[in-house]
Every structure is written in structure tokens, then in C-alpha cells.
Amino acid sequence: MKIAVCPGSFDPITKGHVDIIRRAAALFDEVIVVVMINYYKSSGCFDAEERSRLIKRSVEDIPNVKTDVYGGLLADYVKKVNACAVVKGLRAMSDFEYEFQQALTNKKINPDFETVFLPADGDHMFLSSSLVKQVCEFGGDVTDFLPPQICEDVIKKIKGRNLSK
Ligand code: ADP
């Protein structure tokens with residue numbers, strides 16, 4: 001069985017993430033979406049368990065997707081769950097340098113898995129969790145950016161909250 005891991009901060013999950021997860025699920029037997037604690041951003045709006053619950057609701061229609069939370073090295077997690085690949089979405093050149101560096105570092109730590117990059121869908125190329133939070137905080141419409149199953153709850157949590165404090 002070929003297992004892939006989709007790691008990220010998912011604070012919160014967006015339609016861009018869901019698109020990558022759905023495409024990964026079509027390529028592998030099982031996909032584990034893992035919320036990485038202390039992944040490259042220090043603090044978040046949603047705690048790790050909340051993020052994981054939001055992911056679960058957003059991908060409930062994809063049968064071969066599981067969710068998890070992990071607070072260690074990605075390379076160790078991949079070994080723990082016996083995955084053969086990590087799947088990452090690439091939005092533009094700006095993602096490329098960081099993601100390439102991560103992929104090569106992971107290869108050094110654990111040569112037994114590949115990093116697979118999927119190009120972001122044209123409609124989601126600009127989309128990031130931080131953008132959603134910024135727009136939502138000040139009452140902008142984010143319904144096009146978020147999975148419909150979680151949209152209302154995410155807006156309720158973020159709207160009117162001063163996240164830049
Ligand atoms: P963000 O930058 O939105 O906080 P994460 O750190 O959670 O995203 O990213 C997890 C993975 O999802 C990364 O590989 C990232 O490149 C990818 N990703 C994030 N947003 C999108 C998008 N809109 N389209 C495709 N891939 C994305």
C-alpha cells in the first residue's frame with residue numbers, strides 16, 4: 001500500500017490545500033494530512049486539534065484521507081507511518097526555494113521517501129491561510145477561499161479579532 005503524507009500548518013485549511021489533498025488521494029492508496037506543530041510558523045489562530053478537526057470536516061468526502069497531528073521531524077513522521085512520499089503544493093516561485101530546501105534536507109535525514117510537488121490550481125495560486133485570516137479579520141468575504149463545510153465556523157472565530165496584536 002502506497003501511503004503519502006501532506007504536511008502543513010493548515011491555520012486554517014483552505015480550498016487550495018483541499019485541492020492538493022484531493023489530487024494526492026487520486027495518486028496514492030492513502031493520504032495522511034498532518035498538522036505539524038512548530039512547523040515553520042510559530043503561533044497560530046487555531047490550535048492543532050482545532051486545525052485537525054477542520055481538516056477532517058473539509059475532506060470527509062475523500063475516503064482514503066486520514067488526519068493527524070505531529071510535533072517532531074517530518075522525516076521521522078514519514079518513517080513512523082511507513083509512507084513512501086510527502087506531497088506538497090507549489091503556488092509560485094516564492095514557494096519553490098523554501099520547499100526545495102526542505103525536500104533536500106528531508107532527503108538527507110531520511111533517504112527512503114520522495115517529495116512530490118503538485119502545481120497549485122490556477123484558481124488557488126494566490127491563496128494562503130494568512131491571506132484568509134487577514135481578509136476575514138476585517139470583515140472581508142472569504143467564502144470563495146474556504147471549504148464550505150467549515151466556512152461559517154472559521155469566520156465566526158476570526159472576524160473582528162485583532163490577530164496582528
Ligand atoms: P499556508 O502557506 O497557506 O499557511 P501551509 O503551511 O499550511 O500553508 O502549507 C502546507 C502545504 O500546502 C505547502 O506545501 C503549501 O505550499 C501548500 N499550499 C498552501 N496553500 C496552497 C494553495 N493555495 N494551493 C496549493 N498548495 C498550497
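Trainee: Which is methionine 93, buried or exposed?

Mentor: This is a predicted model: local features need pLDDT of at least 70, side-chain atom pairs count only at pLDDT 80 or more, and totals for chains, interfaces and linings use all residues. Residues are numbered from 1 along each chain as its sequence is written, and side-chain values use heavy atoms, without hydrogens and water. Buried means under 20% relative accessible area, exposed over 50%, and partly exposed in between (1.4 Å probe, protein chains only). With a relative accessibility of 69%, methionine 93 counts as exposed.

Trainee: What do the buried residues of α4 pack against?

Mentor: In α4, the buried residues are Asp95, Glu99, Ala103 and Asn106. Their packing partners (contact means heavy atoms within 4.5 Å) are α3 (74-80), β4 (85-90) and β5.

Trainee: Let's visit β4, then. Which residues does alanine 85 touch, leaving out those up to four places away in sequence?

Mentor: Alanine 85 lies in strand β4 and counts as buried, at 2% relative accessibility. Threonine 115 is 30 residues away from alanine 85 in sequence, but their C-alpha atoms are 5.6 Å apart in space. The residues alanine 85 touches are Ile3, Ala4, Val5, Phe28, Phe113, Glu114 and Val116.

Trainee: The structure holds 3 aromatic pairs. Which kind is the pair of tyrosine 70 and tyrosine 77?

Mentor: Rings pair if their centres (six-membered ring for Trp) lie within 6.5 Å; planes under 30 degrees apart are stacked, over 60 edge-to-face, the rest tilted. Tyrosine 70 is buried at 19% relative accessible area, and tyrosine 77 is buried at 0%. Their ring centres are 4.9 Å apart with planes at 50°, so the pair is tilted.

Trainee: And how many residues apart are phenylalanine 126 and phenylalanine 145?

Mentor: These two form an edge-to-face pair, 5.7 Å centre to centre with 75° between the planes. Phenylalanine 126 is partly exposed at 47%, whereas phenylalanine 145 is buried at 16%. The pair links distant parts of the chain, from the loop between β5 (114-119) and α5 (129-137) to the loop between α5 and α6 (151-158), a separation in residues of 19.

Notes
Helices (H or I, at least four residues) and strands (E, at least two) are DSSP runs, numbered from the N terminus.
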